Amino acid sequence: MSAPLRSSSEGPGRQKILGIYLNDHLAGATAGAGLVHRMVQEHGDSPYGQELRALETDILQDRRALVRLMTDLCVSARRYKVYGAWLGEKLGRVKPNGRLLRRSGLALLIELEAMRMGVTGKALLWRSLLAAFPDDPRLDSGRLEELLRGAERQLEAVDSLHAKAASARLTVIGTGSR
């Protein structure tokens with residue numbers, strides 16, 4: 001008698017894929033935390049400061065929640081991915097902007113767009129885990145739903161900041177070039 005066939009959604013293959021997926025999100029969370037921290041340093045005293053500080057707190061808490069979740073799922077963090085994302089975020093700051101020593105007037109706008117992509121990815125992570133592991137006792141679906149709602153609130157905050165920054169930055173740039 002032969003052993004029953006396992007579906008591709010069971011066993012060590014699934015754990016490996018889950019590990020890759022969660023580590024990719026941990027790398028993204030690391031880069032996002034670095035980005036929002038730098039934005040707080042740069043714009044903390046501006047009209048955007050309070051909202052950026054709140055986003056930084058939320059993003060750091062979400063990264064910690066992801067690390068705890070990885071522990072609960074017996075997924076080890078891949079340090080090379082985390083360090084690579086950290087370094088990538090730092091290198092991303094060095095980009096040509098038409099100015100030698102100053103940041104572009106568009107930097108805030110571009111950074112908010114990058115942050116939105118990261119928060120969108122995070123919301124999709126929480127949704128994916130809810131869909132893929134509906135009955136897994138290692139996961140607290142209530143907590144995942146709470147994290148998803150938090151990501152949705154973060155998207156609203158980023159969108160609000162982006163609208164303000166676009167209005168302020170593009171209007172100034174548009175009128176200055178006439």
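The model is predicted, so local features need pLDDT of at least 70 and side-chain atom pairs count only at pLDDT 80 or more, while totals for chains, interfaces and linings use all residues. Residues are numbered from 1 along each chain as its sequence is written, and side-chain values use heavy atoms, with hydrogens and water left out.

**Stop 1: helices α4 and α5**

Select Arg116 and Asp159. Their side chains meet in a salt bridge, 2.5 Å from N to O. The term means a side-chain nitrogen of Lys or Arg within 4 Å of a carboxyl oxygen of Asp or Glu. This pair links distant parts of the chain: Arg116 sits in helix α4 (residues 107-132) and Asp159 in helix α5, 43 residues apart. Helices here are DSSP runs (H or I, at least four residues), numbered from the N terminus.

Colour by accessibility next. Arg116 is partly exposed, at 33% relative accessible area. Asp159 is partly exposed too, with a relative accessible area of 33%. The classes are buried (under 20% relative accessible area), exposed (over 50%) and partly exposed in between, with a 1.4 Å probe and protein chains only.

Now select Arg127 and Glu152. They form a salt bridge, with the closest N and O atoms 3.0 Å apart. Arg127 lies in helix α4 and Glu152 in helix α5, so this pair ties together parts 25 residues apart in sequence. Arg127 is partly exposed at 39% relative accessibility. Glu152 is partly exposed at 31%.

**Stop 2: Asp136 and Arg138**

Select Asp136 and Arg138. Another salt bridge joins them, the closest N and O atoms being 2.8 Å apart. Asp136 counts as buried, at 14% relative accessibility. Arg138 counts as partly exposed, at 34%.

**Stop 3: a network**

Select Arg38, Glu42 and Glu111. Salt bridges that share partners join these residues into one network. Across the whole structure, a search finds eight salt bridges.

**Stop 4: the nonpolar patch**

Select Leu106, Ile110 and Leu170, and show the surface. Together they form a nonpolar patch with about 240 Å² of accessible area. Patch residues have over 30% relative accessible area and no salt bridge; nonpolar side chains (Val, Leu, Ile, Met, Phe, Trp, Tyr) are joined within 5 Å, like charges within 9 Å. Areas come from the Shrake-Rupley method with a 1.4 Å probe, and for residues only the protein chains shown count as cover.

Finish on Leu170. This residue is found in helix α5 (residues 141-176). Leu170 counts as partly exposed, at 44% relative accessibility.

Notes:
Helices (H or I, at least four residues) and strands (E, at least two) are DSSP runs, numbered from the N terminus.
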